[in-house]
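Student: Let's go through this entry piece by piece. Start wherever you like.

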Amino acid sequence: MTLPHFAIAGLGVTEMGRIYGRSATSFAVEAINLAAINAGLTMNQVDGVLFNSNGGLNMGLQRALGARDLRLYAELQGYGSSAGSMIQYAGMAVASGMATAVACVYSDAPLTEGVGAGAAYAAKRPRAAGINAIAIACGLAGANPRYALAARRHMETYGTTSEQFGAVAVQQRAWAAMNPAAQMREPITLADHQASRWIADPLRLLDCCLVSNGAVAVIVTTAERARDLAQPPVHVLGWGQAHPGVTMERGGRFGLVSGAVGSGATAFGMAGITAADVKVAEIYDCYTFTVVISLEDYGFCAKGEGGAFAASGALGPNGTLPTNTGGGQLSSYYMWGMTPLAEAVIQARGQGGERQVADHDVVLVSGNGGILDFHSTLLLSPEERS
Amino acid sequence: MNDGTQYGPVDRDAATATFFDAAARKELVVRACRAGHLSPPEALSCTTCRDDVLTWSAPLSGDATLMTWIVVHARPGADGATPPPRIAAAVELAEGPWVTTGLVHVEPSTLHAGLPLRVHFIRPADSEAYPVFGPA
């Protein structure tokens, strides 16, 4: 079996954060145009669009783009795993000749003026009935408490601590301080983390991602075509997905394992490398805990030692595994899997400015969705797979 | 002390009438497949063998073990008093399936994985009765 060679040739990132008065569709149109310009393509040369959103986009995007004769067009939903998955499907489409240049976009606009970020997504939830309504009635409504439930299991099983989660937040903020596009750039300390209010104990405010209005798009094309375009190509060396299906019963691994185990193994096998070859890690960070468990599951440290690994300082600007080098969703902006992907493209190209990691020949992108239910991995490089 | 009054109402639907009728009799039931495996009450496929033909089990013992929990702290009310926190947990029934619900009659600082628990039933205003768990 011959592996297809494809690459990311364009990146478009809109303004991020409390940008009011614009729809998710409007942000998406801008991001795709920016990505095409960045790649050196006209919009008429973009003949595929895959899109993903946390509720803001619909199939009207085609009309909003003024797109004619697209050869690939679909909405894709895998929550935080979507961005990585879109790249995979787009890559296989261009490798087969089905389309030649596919835009993959995430966009959302949940923030409205005068409404707190915490309420941005909550207002959309209808009242549940049946068994699942019991957990909600007892406090488990939405992602925050459900991730807290998973995090506590990890803490009780492996001795992971809130201070270790805090180390993730502090190091990512140190990266964000060097990212002009980050929403939160003021340095924080471990004491700031420990003093931040409970969202759902054991998770504090500074354990949780931001909420952002905006959009990110990338252009996927063949490796051959990417070489002739405007930007240094970012080659996709390997990719994978895993959706573990953890059961809630005796022996169940809820909170102890993510799909990074399976999607990482597939991606590493395809690329013919191991975790030890990864120079920069862009890890989906809806919560600090998600970073800790993903680092374990990719094999950057042993199972149960993710907290200690983070507390060692390994993830920060002077660490052994530069991680979430733009600040991640905790400190830069929340665009689901496009947050780690966009920063990975910047680092792989060598365009990170003050925060650029010198050794960036293999960049890992982790996408995590659901409550550790869905996972995608990409391994990116400025060098093409041999 | 957390007596369950801070937990919200729950409605039944057509698929869960038997579960909530049992809860009203202070009985806890879960899903059972044709091979007799038990699955959590929300399951649509057997978590052991993936059989998709499930019925409700006979009433279970009500004994359980704490697996993991969260504490959702309340904000002070208009009278200045802070209501007790909601403590949501995943508990492992003695028979194997997990149930995700609230804890009662516990202080958050005393909780740890492995704590023995016993089922209680609460019925908030305008709600079905449903199972929660307290110390055994």
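**Helix H6 of chain A**

Tutor: The buried residues of H6(A) are Ser162(A), Gln164(A), Phe165(A), Gly166(A), Ala167(A), Val168(A), Ala169(A), Gln171(A), Gln172(A), Arg173(A), Trp175(A) and Ala176(A). Buried means under 20% relative accessible area, exposed over 50%, and partly exposed in between, with a 1.4 Å probe and protein chains only. The model is predicted, so local features need pLDDT of at least 70 and side-chain atom pairs pLDDT 80 or more, while totals for chains, interfaces and linings use all residues; side-chain values use heavy atoms, without hydrogens or water. Residues are numbered from 1 along each chain as its sequence is written, and chains are lettered from A and ligands numbered from 1 in the order written.

Student: How many residues does H6(A) have, and what span does it reach?

Tutor: H6(A) covers residues 162–176, 15 residues, and reaches 21 Å from first to last C-alpha, close to the 21 Å expected. The expected span is 1.5 Å times one less than the number of residues. Helices here are DSSP runs of H or I with at least four residues, strands are runs of E with at least two, and both are numbered from the N terminus.

Student: And what covers the buried residues of H6(A)?

Tutor: The cover includes H5, H7 (190–195), strand S6 (203–204), H10 (288–298), H11 (306–311) and H12 (328–331), all of chain A. Contact means heavy atoms within 4.5 Å.

Student: Switching to aromatics. How many pairs are there over all chains?

Tutor: Eleven aromatic pairs over all chains. Rings of Phe, Tyr and Trp (its six-membered ring) pair if their centres lie within 6.5 Å; planes under 30 degrees apart are stacked, over 60 edge-to-face, and the rest tilted. Phe165(A) and Phe289(A) are edge-to-face, because their ring centres are 5.9 Å apart and their planes stand at 70°. That pair links H6 to H10 of chain A across 124 residues. Phe165(A) and Phe289(A) are both buried.

Student: Which residues form an aromatic cluster?

Tutor: Tyr79(A), Tyr106(A), Trp336(A) and Phe374(A) form one.

Student: Which ring does the charged end of Arg204(A) sit over?

Tutor: The ring of Trp198(A), 3.8 Å from its centre. The rule asks for NZ of Lys or CZ of Arg within 6 Å of the ring centre and within 35 degrees of the ring normal. In chain B, Arg31(B) lies over the face of Trp56(B), 4.3 Å from the ring centre.

Student: Arg31(B) again: what stands opposite it in S2(B)?

Tutor: Ser39(B). Strand S1 (31–33) and S2 of chain B run antiparallel, joined by two bridges. Two strands pair if DSSP finds at least two bridges between them. The open sheet has the order S2-S1-S3 in chain B, with antiparallel pairing. S2 (38–39) and S3 (54–56) of chain B are the edges, each with a single partner strand, so one side of each has no neighbour in the sheet.

Student: What about the five-strand sheet, what is its order?

Tutor: S6-S5-S4-S7-S8 in chain B, open and antiparallel. S6 (98–102) and S8 (130–135) of chain B are its edge strands, each pairing on one side only. Neighbouring strands are turned by 40° against each other on average, direction ignored. Axes are lines fitted to C-alpha atoms, for helices over the stretch in contact, and angles run from 0 to 180 degrees between N-to-C directions.

Student: Is S8(B) mostly covered or mostly exposed?

Tutor: Mostly covered: five of its six residues are buried. Six bridges join S7(B) to S8(B), and Val119(B) has Phe133(B) as its bridge partner in S8(B).

Student: Which helix lies across S4, S5 and S6 of chain B?

Tutor: H5 (143–158) of chain A, running at about 120° to S4(B).
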